[in-house]
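Work through these exercises with the sequence and the model side by side. Try each task before reading its solution.

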Amino acid sequence: MLSALLLEANRIVSTESLVDAIWGDDPPTTARTQIQTCISALRANLAAIGQNSHLVTREPGYVIEVSEDQLDAALFAKYRKEAHLLAEEGRTEEAAALTRRAAELWRGPALSGTRSHKLQSMAAQLDEYRLFNLETHVDLELQLGRHDQIIPELSARVAEYPLREGLRGRLMLALYRSGRQAEALEVFRSGRLILVEQLGLEPGDELRRLESAILAGDRDLHLPTDTAPAPAPEPVQVTRPAPPEPHERAVPFQLPPDIADFTGRTQLIKAAEDLLLAEDERRPTPVAVLSGPSGVGKSTLAVHIGHRLMGEFSDGQLYCDLGGTQPSPAMTLDVLGRFLRALGIPGSQIPDAVDERAEMYRNLLAGKRMLIVLDNASGAKQVRHLLPGTGNSSVIVTGRSGITGLPGARFLHVDVLNVRESTEMLAAVVGRERVAAEPEAARALVRMVGRLPLALRIIAARLAARPNWSLEWMLDRLSDERRRLDELAHGELVIRSSLALTYDGLTEDGRRLLRLLSLQDGGSVPTWAAAALLDSDLFHADDLLESLVDAQMLEVVSTGPPGEPHYRLHSLVRLFAREELERHRETEQAGPALTRLVGGWLALADEAHRRLYGGDFTILHGDAPRWHLPATRTDRLLRDPLAWLEAERANLCQAVDLAAETGQAEACWDLAVTLVTIFESRCYFDEWQRTHQRALEAVNRARLVRGRAAVMCSVGSLCLSRSQFTAARQALVPALEAFTGLRDTHGLALARRNLALLAQRQGDARTALALHRQAVADFQAVSDHVGQTNVLAHLARLALDEGRLDDAEELLGEALDVCRSTGSRRTEGQVRLVMSDLMQRRGRYQEAEELLRDVLELVRSRGDIAGESRILHRLGTVNARLGRIADAQSLLHDVVAIRERIMDQVGAAEARLELAQLEAEHTAQLAEFSFTPGCSRG
């Protein structure tokens, strides 16, 4: 258990994960109790050395908190990283010393003696890193001319890992440089014998080229005689390649809109731009940290600078509000996932661990020139993994003071505006003529609001909305607030006072809407959501929202697709509105408003699923109330259902949280499982897991048996998508049992289908066949045509795998008949994909190509990159069978490019292998064609 916790140090390890690590697929019924016992014993042992406080219970499991210098694995990673940076700077001697320190941390294989399959897998990864470090160390020593000194250690490692050609090649080179040519060649011959006897393979091209170079006495193998350290020869280089550039990917421009009347900040802007545009390869990535108290305009300034520098960063901008002032700031893991998707990596290829995501992120940014804006940060810890690894890009960070320890950072304090800038801001909003007519009153107003941009903008907005008011009269109105305005330097009291002035000028409906908007903690608010909160028509809600915008209590964040405005409360305005809501608690009906809001998101998500699938297919719903929009507005919003789900994904996930927090368990699980429509299509596995965890907590508290079964069944699908078979079974078996007890035929169909897929993935064809047949009958009984079609396609795939081609064709024909009755192109595409494989088995390649072309058009229209690569691979194979070698090669090259882009190295290797086979066949055909009749072929 200590190993399992330390391998995920400083991250929560769930109880289920610990059970899996310790007992694998066969845990005892008392597993959870034994876990708790072990935790208690472990705490006692840690207490004996004064470390008990480091093991913490945190739902849904435990976390062990350790510093970097307490964990060998962390120190090892640190030394490797520092060595890499030193080597890049040409400081080879220091880099070699660090790789040696990293190696000295080891005492044999990682976690030796463990019987846990899960831990053995993780230990194998650590051992692989150990070998990477060894190879890097050897390369550095070779560059320093210490070939004779590393021969003993290399010989031992080659004996320990006889199949690792990289180590063998380095030993050959070290021996050759030491004048031991015969021994170097003997190392090659013994290695070749081992490969042939154990694997039936010849040595790789690099090792064979090295042997030839040694035989020829190639001068290039000798250490260069100049003073600069030379890199190790190409045959034994093991530098890991950087991830490929995204292929045909739009450049991300994520900055929010700039404001039209931005005023002042000239010196700050110049200082920030000088820092961000400075070109100095010797220093880390430039980081401008805009710090200061709330309300001074840090975010507005950061966005304004970003827009000014748009032309300087050719590879685009990334932006994220980190929510540092919120109770639950954005998790670095989630922000990295969002940025990786923006850089072209599908959700299925994004790692689960934050360190691995950060490494992928830095690799993707290497060589690019991008601006990253990290708004509203809580501290350096939240930001550190979001910084690029090179100096080509630049970063703007905003937050309160205290963001220290960032490499390459320069702090720019954002204070209140000076009098001139404040007056210019006032003039820009209310009109220069009015300010010029009352200059003394204008300066007095500026002083009265403390030159604080947020408070000044609120007052200016009120004046702009009431052109008949004089500045002097506005000054008189504010004079009664003198006691509160005197407290300006004490923090937020002046902001609250300024907000109260604007709040008092709203209509009663406007004030009520502002209070209700504070119920949604963050995110953006579409017009219909305001209507749901008020239970009013859309036009009235729209008018009230615009009145709040005019009063600067609300900001427009986007027009949204398709033309639906989205609004957002500033965090300080939300706090003020929440206080007002509390003051009106006795008269304000907040509960029904929240029910309508969640019901609105649920109704729209339901309808989006129906339009994508042709009905309520392959999904379970509860009886939570819905709040329905007018049909015309629903049609406009869901013109492209998948695009709407994508655009509103963050709000929909937040609605799941809101439902969980407010006791709407039925709506919570219903919305969570409905959102799988977008999670599955776009590989948003993190959101899938997080929303379902919240839903599971909610249904457990409310003791909703059917809701729990539905969530567990969906969790099983997620685990299948992640190839987590043990976890999938642990979720699906209880779901099946619950649906059986409830006699829920639709639930049984979904659970049996998922269990059948699990059996199919694990090679248990008999179980898969039986479960699929039961699922077909269940789906048919509840008229779930899409579910029925889906299972028929899987049955056809089983028949194909067993060589029953006629059975497969009959099943696919039945599936297509059902498909046509639903009009679901998505499901029909899945069936046609299996049909194309059948056509290939029958040698009808032209028909297979036509089917694949149709499916390719469908997956491209959905933005399914991984699906596109699979179709292109099949098309390449079909074209090769049709004799179109050039076309096949072109398609397979596209497959390699896409799979490298999404970091699917196995898929890329498969495509390369097929390309090599095509090249070999093509060469053989040309050679056959070139023989002249009567000539000897000897």
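**Exercise 1.** Which residues lie nearest the centre of the second largest pocket, and how many residues line it?

*Solution.* This is a predicted model, in which local features need pLDDT of at least 70, side-chain atom pairs count only at pLDDT 80 or more, and totals for chains, interfaces and linings use all residues. Residues are numbered from 1 along each chain as its sequence is written, and side-chain values use heavy atoms, with hydrogens and water left out.

Start with the term. A pocket is an open set of points on a 1 Å grid over the protein atoms alone where a 1.4 Å probe fits, with protein on both sides within 12 Å along at least five of seven lines; lining residues have an atom within 4 Å of a point.

Now count. The lining holds 13 residues. Leu612, Leu642, Leu858, Ser861 and Arg862 lie nearest the centre. Next, sort the lining by type: 5 residues are nonpolar, 2 polar and 6 charged. Finally, trace the helices (DSSP runs of H or I, at least four residues, numbered from the N terminus). H27 (590–613), H29 (641–647), H40 (825–841) and H41 (845–861) each give at least two lining residues. H29 gives the largest share, 3 residues.

**Exercise 2.** Describe both ends of helix H16 (residues 419–430).

*Solution.* Begin at the N-terminal end. Asn418 caps it, with a side-chain oxygen 3.2 Å from the backbone nitrogen of Arg420. Between them, the buried residues of H16 include Met425, Leu426 and Val430.

**Exercise 3.** What is the strand order in the open sheet of 3 strands?

*Solution.* Strands are DSSP runs of E, at least two residues. They pair if DSSP finds at least two bridges between them. The order is E1-E3-E2, with antiparallel pairing. E1 (13–14) and E2 (55–58) stand at the edges with a single partner strand each, so one side of each has no neighbour in the sheet. E1 and E3 (residues 61–64) are joined by 2 bridges. Ser14 stands opposite Gly61 in E3.

Terms used:
Ala, Val, Leu, Ile, Met, Phe, Trp, Tyr, Cys and Pro count as nonpolar, Asp, Glu, Lys and Arg as charged, and the others, Gly among them, as polar. The expected span of a helix is 1.5 Å times one less than its number of residues. Buried means under 20% relative accessible area, exposed over 50%, partly exposed in between (1.4 Å probe, protein chains only). A polar contact is a pair of N or O atoms within 3.5 Å; within protein, one must be able to donate a hydrogen and the other to accept it, and residues adjacent in sequence count only if both atoms are side-chain atoms.
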